[in-house]
Amino acid sequence: MRPPLATRVWRVRPWNTNKLMRVSDRVEVVLRAVAVIVVAAAVPIAGAIGTASYTGAQARIAAQDAGKTRVTATETADAVRLPDSDRYVGNQARYQAAVQWTADGKTGTATVDVPGPQPAGSAVALWVKDGQPTIAPSRPGAAAAEGVGTGLAVLVETWCAAAATVWFTGTVLDARRYARWEREWRGINRPIGKDTL
């Protein structure tokens with residue numbers, strides 16, 4: 001009957017006084033124990049790094065989006081199709097048009113991308129900041145997604161590094177043990193009747 005797991009773990013402890021336990025076995029047990037500790041410690045550390053990333057992303061996004069205003073601009077000229085910059089993008093052609101808008105009592109003009117071949121006088125939704133067109137504000141969950149992504153990346157990388165270290169060390173130690181067994185086997189498996197010097 002196989003002994004319980006706790007008994008088997010106790011028997012392979014690194015400080016075991018059993019003379020049959022090799023140094024490589026002790027090293028491997030210690031390395032696996034350290035890997036388990038690292039894997040467990042990675043969870044709160046990844047959570048803290050993810051939280052810090054979320055906080056930083058939230059502050060950065062708030063600063064970037066501060067002062068952005070949505071306006072309705074009017075095209076002052078017909079939209080013009082731009083030459084294809086990349087033929088692998090597909091059949092989505094880009095159009096630009098000169099537009100004019102009024103925000104905070106000031107009139108602004110610019111040439112911006114528009115949805116399609118629209119004629120002059122068409123309305124275009126536009127985000128402006130400091131009197132210049134800008135990109136739309138980030139979606140509400142962008143900071144949370146960045147924080148979760150960073151935390152998960154740290155967690156997965158730590159777990160993979162621990163697993164790879166344990167696997168690589170086990171492979172090296174196994175190769176060393178197999179080579180030693182092979183030498184010992186050759187030493188005791190000499191042909192019968194041959195003189196040994």
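**Ground rules.** I'm working on a predicted model, where local features need pLDDT of at least 70, side-chain atom pairs count only at pLDDT 80 or more, and totals for chains, interfaces and linings use all residues. Residues are numbered from 1 along each chain as its sequence is written, and side-chain values use heavy atoms, with hydrogens and water left out.

**Strand 3.** I started with strand 3 (95-103); helices (H or I, at least four residues) and strands (E, at least two) are DSSP runs, numbered from the N terminus. In a regular strand the side chains alternate between the two faces of the sheet. Here I found Tyr95, Ala97, Val99, Trp101 and Ala103 on one face, buried (under 20% relative accessible area, with exposed over 50% and partly exposed in between, 1.4 Å probe, protein chains only).

**Who pairs with strand 3?** I checked its partners, where pairing takes at least two DSSP bridges between two strands. Strand 4 (106-114) pairs with strand 3 in the antiparallel sense over nine bridges, and Gln96 has Asp113 as its bridge partner there. The two form a hairpin with two residues between them, and Asp104 in the turn has a positive phi of about 55 degrees. Strand 1 (residues 69-75) is antiparallel to strand 3 and joined to it by two bridges, with Glu75 opposite Val99. Strand 2 (residues 80-81) also runs antiparallel to strand 3, over two bridges; Val80 stands opposite Gln96.

**Strand 5.** Next I looked at residues 123-129: Val124, Leu126 and Val128 make the covered face, and Ala123, Ala125, Trp127 and Lys129 the uncovered one. Six bridges tie strand 5 to strand 1, antiparallel, with Ala73 partnered by Val124.

**Core.** Which residues have the most contacts inside the largest nonpolar core? I get Val71, Val99, Trp101, Val112, Val114 and Leu126, out of 14 residues. Such a core is a set of buried Ala, Val, Leu, Ile, Met, Phe, Trp, Tyr and Cys residues joined through side-chain atoms within 4.5 Å. Strands 1, 3, 4 and 5 each supply at least two of its residues, and strand 3 gives the largest share, five.

**Helix 3.** Last stop: Ala142, in helix 3 (residues 142-188). Ala142 counts as buried because its relative accessibility is 15%. Its C-alpha is 8.1 Å from that of Ala57, 85 residues away along the chain.
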